[in-house]
Amino acid sequence: MGCDGGTIPKRHELVKGPRKVEKVDKNAELVAQWYYCTLSQEKLSRPIVACELGRLYNKDAIIEFLLDKSSEKAIVEAASHIKSIKNVIELNLTDNPAWTGDKGNTKGDKYDDIQSARFICPVVGLEMNGRHKFCFLRNCGCVFSERALKEIKTETCHRCAVPFQEDDVIVLNGTKEDVEVLKKRMEERRLKSKLGKKAKKPKAAETIVKSDVVEESPGPSQTNTGKDTTSISSGEKRNIAFCKGTAVEGSLSSSSGKDGKNASGPFKRPAASKEEKSEAYKSIFTSHSSAKRSKEQSSNWITHTAYYF
């Protein structure tokens with residue numbers, strides 16, 4: 001009978017047993033790792049950078065993440081280890097000539113080939129689509145397939161000839177084991193850089209202090225010569241002062257003896273006699289004959305001035 005408030009049981013309520021875990025599509029996971037930015041979930045576009053754990057990012061997204069200092073900033077696990085722009089390396093990627101991208105038909109009848117990738121290995125030619133392991137060198141940022149580094153063993157980059165070591169090789173989008181190894185290397189590298197900076201600071205301070213001490217403290221020869229020079233200079237000053245005093249006294253006595261009759265004091269200059277005055281000195285005054293005018297030069301109607309007489 002109906003309308004009694006009963007319910008119809010569902011299948012999972014009747015069938016008892018363990019639930020099947022939904023499997024993640026591998027193709028979708030590979031596309032998300034190799035074609036999209038780990039931080040912004042947007043399509044990868046140059047410039048592309050990678051962190052020390054081998055994850056791919058757009059450089060613009062990293063810069064925006066570092067510049068965002070607001071309190072509402074979301075803490076992202078994928079970028080929690082990135083503290084500055086120096087913690088990422090810009091990648092030197094090789095374009096795939098067979099990749100068409102978005103140039104094809106976009107009306108809905110287009111077939112997207114997941115196997116086709118935008119970038120390839122410059123040595124072997126494998127496509128960087130996640131089917132093969134790829135690595136990059138931390139020193140220069142060049143990207144190669146793992147097969148190329150194993151087949152052609154060398155200590156310099158195949159593309160730019162920059163020397164590198166095994167620790168400088170970072171696997172892109174590696175497994176959990178690869179990420180753990182890379183994380184240990186990253187922590188060791190950062191500890192070394194911190195210790196190196198701390199060791200440089202006291203050394204620089206010591207060199208500055210030593211240079212100041214050397215400049216301020218004179219040598220023994222300098223101290224002795226300084227004392228000798230002071231004594232010599234003081235003796236010379238005393239002799240010079242004594243000579244000057246005697247010379248002044250002698251000059252004063254001689255002047256007082258000669259010009260005592262004409263001068264009222266020892267320092268008074270003797271007055272010159274009228275006969276000793278020259279004609280040039282006399283011509284300065286209006287009383288001189290050269291300053292007077294003749295009657296012809298002066299007119300009758302002009303008022304006579306001192307120059308007339």
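Strand S6 spans residues 134–137, where strands (E, at least two residues) and helices (H or I, at least four residues) are DSSP runs numbered from the N terminus. Phe134 and Phe136 point to one side of S6, Cys135 and Leu137 point the other way, and all are buried; buried denotes under 20% relative accessible area, exposed over 50%, and partly exposed the range in between, with a 1.4 Å probe and protein chains only. In a regular strand the side chains alternate between the two faces of the sheet. The structure is a predicted model, in which local features need pLDDT of at least 70 and side-chain atom pairs count only at pLDDT 80 or more, while totals for chains, interfaces and linings use all residues. Residues are numbered from 1 along each chain as its sequence is written, and side-chain values use heavy atoms, with hydrogens and water left out.

S6 is joined to strand S7 (residues 143–145) by 3 bridges, and the two run antiparallel; strands are taken to pair if DSSP finds at least two bridges between them. The bridge partner of cysteine 135 in S7 is phenylalanine 144. S6 and S7 form a hairpin with 5 residues between them, and glycine 141 in the turn has a positive phi of about 85°. S6 also runs antiparallel to strand S8 (residues 169–171), again with 3 bridges. Here phenylalanine 136 stands opposite isoleucine 170.

Strand S1 (residues 48–51) has Ile48 and Ala50 pointing one way and Val49 and Cys51 the other, and all are buried. S1 pairs in the antiparallel sense with strand S2 (residues 56–58) over 3 bridges, with isoleucine 48 opposite asparagine 58. These two strands form a hairpin with 4 residues between them, and glycine 54 in its turn has a positive phi of about 90°. In S3, isoleucine 89 is the bridge partner of alanine 50.

The loop between helix H2 (26–35) and S1 contains proline 47, which is joined to arginine 46 by a cis peptide bond with omega of about 0°. Glutamine 41 is found in the loop between H2 and S1 as well. Glutamine 41 has a positive phi of about 60° although it is not a glycine, and is exposed at 53% relative accessibility. Alanine 161, in the loop between helix H4 (146–151) and S8, has a positive phi of about 65° and is not a glycine either. Its relative accessibility is 52%, so alanine 161 counts as exposed.

Leucine 67 lies in helix H3 (residues 59–67) and is exposed, with a relative accessible area of 64%.

The chain has 7 helices and 8 strands. Buried residues make up 21% of its 309 residues. Of the contacts between residues at least 6 apart in sequence, 46% join residues at least 24 apart, a contact being heavy atoms within 4.5 Å. The chain exposes about 24500 Å², of which carbon and sulfur atoms supply 54%; areas come from the Shrake-Rupley method with a 1.4 Å probe, and for residues only the protein chains shown count as cover.

The mean pLDDT of the chain is 75, and 60% of its residues reach 70 or more; pLDDT is the predictor's confidence in each residue, from 0 to 100. Over residues 219–267 the pLDDT is below 50, and this stretch has 6 contacts in the model beyond near neighbours in sequence.
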